[in-house]
Amino acid sequence: MTGSPNDCALHSYALRAIEMLYGAGATASIRRAALTVSQLQVYRICLLRAWRPWLIREVVEFMSFTRRQILGGLAGLVVVGVGAGGASRYWLGKMADAEAGHDYELIAAPLDVELVPGHKTEAWAFGPSAPGTELRVRQGEWLRVRFINHLPVATTIHWHGIRLPLEMDGVPYVSQLPVLPGEYFDYKFRVPDAGSYWYHPHVSSSEELGRGLVGPLIIEEREPTGFVYEKTLSLKNWHIDDVGNFVEFSIPREAARGGTAGRLSTINGVPLPVIELPAGQITRVRLLNLDNTLTYRINIPGVEARIYALDGNPVEPRPLGKEYWLGPGMRICLAIKAPAAGEELSLRNGPVRLGTLRSVANTDAPTDWPKALPANPVAEPDLANAEKLNFNFEWVGSVSVNVDNGRPPSLWQINGKAWDITDKTCADRPIASLKLGQSYIFELKNMTQYQHPIHLHGMSFKVIASNRHKIIPYFTDTYLLGKNERAQVALVADNPGVWMFHCHVIDHMETGLMAAIEVA
Ligand SMILES: [Cu+2]
C-alpha cells in the first residue's frame, strides 16, 4: 500500500470499522479489498454499510480530522505544486497513468462582480468569472481537475449530466467529504458523452449556486461536426437588490411554491448583453440554464434555428418552434442562421428580452446546416423486460416543521419521503434499489401544482411517454415534469452506486424533493 502514515492509520481505522460491522471474523477478502481501494472507497464502504449512526459519526469525524492533518502538513508543498503546474503528488488512491496529473486548476473564491452598474456584488466564482470558467474536454478522454477551495465555506463539485464513477460525483457524505476552506480535491474521470454539461456544488446549494458557483462544461465530439462557429450562453438570474447586494436565496413561502426566483437575469454574467453572430453563417449556440429556480421559455422571434441536442444528447435536428421550456439544470443546443449584417434578433424568456443577437459582417462562404450530431453511447433500455417503478412527487407543505431549529422546512416528498439535507445518513435509505444491468421504466407522477425538473445523477435516461406532450424519445439527465404531469422514462441501471434523484429547483431540493437510488 502506498500513502502517508496518516493514510495507513485511516485504513486501519476503516478496517476496524468494517470488523465492528461484520464482527470479529471480518474475512480476509474484506481486508484485502479494503487495502487496495482508495481512501474514499473505504470511507464509502464504512458510510454506506454502517447502519449504526454512531459509527457513521465517528468515521466522518475521524476522516475529517485525519484529512485536515494531511492537507495542513502539505499546505506549503501544495502551493509549490500549483505554481509549477506539476503532477498531483498527493492523490491517495490507486492511479492509472491516464489519471496522472491534472489539466485544470479550478479555484473557487470570492469575486466581486458588477451586475448593477456602479455597484459591486460579492459573488463566489469558479475562476475569474461568474458563471465560472468554461471547461472543455474531448469525448472519451479524461477530465482532470484539481479543485482548490478558497471560499470561506465547505463545498464540492458535482458534474451535472456526466456519467462517471460515484467517487467523482461530488455529493457530500455520499461520494466524498465536503472540501473544506483551504483544501483541494482532485476530480478525475473519463467523459463518455459529448454535449453541453455544467458543474456546481452540492453543498448549501441555494447560497453557493446563488452566489455564482456554476459553470459550463463542454464535451467536444470526437470528430468534427460541421459547425464552424460556436457560442456558450449560460443563463442565470441573480438574487440581488437594486444596489447589487444579495437578498434571500430561499424563502419558505416561495420554496413551497415555484421556488425563490432571483431578480436580475444575465447571460454569461451580463444583463441584457449583445451577442455577435457572423452574418449569414450557422452558429452552434449552447444555451445552459444554470439558474436555481427559473424555467426559461426560450424563444427568438424571427430566427432561423434548429434544435440539435437536448441536455447534451443529440436529437434529429428540428425547428426551434415557438418556445422551448428550459428548466433549471437543462440545456439546449441550437443551430442559428444569423440574418444579414446589422440585423438583430431578440433572445427572450417568454415576452422578456434576455439579450440581443446581432449579426456582424462576415466574408466566409456560407455553409449548409450540419447533419445530426452523433449519438452518445448510452445503453438502450430493454422496454419489453423492464421493471416498472413509480415515483410520486408530492407537496406536503409542513412549513412549521423545523422552523424553530434553523433547519429548512419540509415541503416536498418523493413516495411519501422527504429528504433532509441536514441529515448525513439519508443516502443510506435509498428510495429504490436497482439491479446492475437491468432495465427500468420510471413512472414519474407530479401530484403538485408546480413543475419540477427531475434530475438523476450517474446515468442518462430515455424519455418515452407523457400524458401532456407528444414525446419523440430522447436521452437526457433532466426532465421537466409539468404540473400534474405523468411521464415515463427508461434506463439501464449500468452504473453502480448510490445516486441522487432530485428536483433541480434548488429550494425544492433543499426542502425535501430529493432521494437516493441505489444500483448494485
Ligand atoms: Cu421542484
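Of the 520 residues of the chain, 56% count as buried (under 20% relative accessible area with a 1.4 Å probe and protein chains only; exposed is over 50%, and partly exposed is in between). The model is a predicted one, so local features need pLDDT of at least 70 and side-chain atom pairs count only at pLDDT 80 or more, while totals for chains, interfaces and linings use all residues. Residue numbers run from 1 along each chain as its sequence is written, and side-chain values use heavy atoms, with hydrogens and water left out.

Next comes the metal. The copper ion has His-452 (ND1), Cys-503 (SG) and His-508 (ND1) as its protein donors, at 2.0 to 2.1 Å. Donors here are N, O and S atoms within 2.8 Å of the metal (3.2 Å for Na, K and Ca), and water is not among the atoms, so sites may look incomplete. Along the sequence, the donor residues follow the spacing H-x50-C-x4-H. His-452 sits in strand S24 (residues 452–456) and His-508 in helix H7 (residues 506–509), so this pair ties together parts that are 56 residues apart in sequence. His-452 counts as buried because its relative accessibility is 0%, and His-508 counts as buried with a value of 0% too.

A cavity is a set of points, on a 1 Å grid over the protein atoms alone, where a 1.4 Å probe fits but cannot get out; lining residues have an atom within 4 Å of a point. Grid points are joined across faces, edges and corners, and a volume is the space filled by probe spheres set on the points. That rule gives three cavities of 30 Å³ or more, and the largest cavity comes to about 40 Å³. Strands S7 (195–200), S12 (282–289) and S17 (331–337) each put at least two residues into its lining, with S17 giving the largest share, three residues. Among the lining residues are Arg-284, Arg-286, Asp-311 and Arg-331.

The peptide bond from Ala-130 to Pro-131 is cis, with omega near -5°, and Pro-131 falls in the loop between strand S2 (121–126) and strand S3 (135–138). Asn-268 is not a glycine, yet its phi is positive at about 50°; this residue is in the loop between strand S10 (264–267) and strand S11 (274–278) and is partly exposed, at 38% relative accessible area. Asn-415 also has a positive phi of about 50° without being a glycine. Its loop runs between strand S21 (410–414) and strand S22 (432–434), and Asn-415 is partly exposed at 31%.

Conventions: Helices (H or I, at least four residues) and strands (E, at least two) are DSSP runs, numbered from the N terminus. On a 1 Å grid over the protein atoms alone, a cavity is a set of points where a 1.4 Å probe fits but cannot get out, and a pocket is an open set with protein on both sides within 12 Å along at least five of seven lines; lining residues have an atom within 4 Å of a point.
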